[in-house]
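Look at the fold first, then at the space and the packing inside.

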Amino acid sequence: VAIEYLTALEGDFWVKLRGAGLTYSYSISDSTDSQLIKFSLFKCTDISAAFETASNIIVDYASGKTKISHIGLENAKASLAYQIIRGRSSKLSKCIEVRS
């Protein structure tokens, strides 16, 4: 949920990284197997400034300096739920898959 919240369209990463022209895109992913979180920047104009900005965003949320929006949190939960559901197959989708 935290990753969805941070990387949401028009969220802090979008506005402060992409909107500021520091990077074209970014991603955060996690691995439960390795227990690591991976942060990536794509087509970066200033790598050190983009990394520092991203770090500051996370530190500000972790310290409580930046408050978590209730609506943003609910949207992040819904987005994550959709991703999980979308990845599941149903009996109908299996029938269609077998017939194709």
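A pocket is found on a 1 Å grid over the protein atoms alone: it is an open set of points where a 1.4 Å probe fits, with protein on both sides within 12 Å along at least five of seven lines, and its lining residues have an atom within 4 Å of a point. Grid points are joined across faces, edges and corners, and a volume is the space filled by probe spheres set on the points. The largest pocket holds about 280 Å³ of space. This is a predicted model, in which local features need pLDDT of at least 70 and side-chain atom pairs count only at pLDDT 80 or more, while totals for chains, interfaces and linings use all residues. Residues are numbered from 1 along each chain as its sequence is written, and side-chain values use heavy atoms, with hydrogens and water left out.

The protein chain has five helices and two strands, in the order α-α-β-β-α-α-α from the N terminus. Helices (H or I, at least four residues) and strands (E, at least two) are DSSP runs, numbered from the N terminus. Strands E1 (residues 23-31) and E2 (residues 36-44) run antiparallel and are joined by eight bridges; two strands pair if DSSP finds at least two bridges between them. Ile 28 has Phe 39 in E2 as its bridge partner. Four residues lie between the strands of this hairpin, where Gln 35 takes a positive phi near 60 degrees.

Ile 28 also belongs to the pocket: of the 16 lining residues, Ala 2, Leu 6, Phe 13, Ile 28 and Ile 58 lie nearest the centre. Helix H3 (47-63) is among the elements that each supply at least two lining residues, and H3 gives the most, with five. The lining has 15 nonpolar residues, one polar and no charged (Ala, Val, Leu, Ile, Met, Phe, Trp, Tyr, Cys and Pro count as nonpolar, Asp, Glu, Lys and Arg as charged, and the others, Gly among them, as polar).

Nonpolar side chains tend to be buried together in soluble globular proteins. Here the largest nonpolar core has twelve residues, including Leu 6, Phe 13, Ile 28 and Ile 57. H3 provides the largest share of this core, four residues. Such a core is a set of buried Ala, Val, Leu, Ile, Met, Phe, Trp, Tyr and Cys residues joined through side-chain atoms within 4.5 Å.

Is Ser 40 buried or exposed? Ser 40 counts as buried because its relative accessibility is 14%, and buried means under 20% relative accessible area (1.4 Å probe, protein chains only). Ser 40 lies in strand E2.

Methods. Buried means under 20% relative accessible area, exposed over 50%, partly exposed in between (1.4 Å probe, protein chains only).
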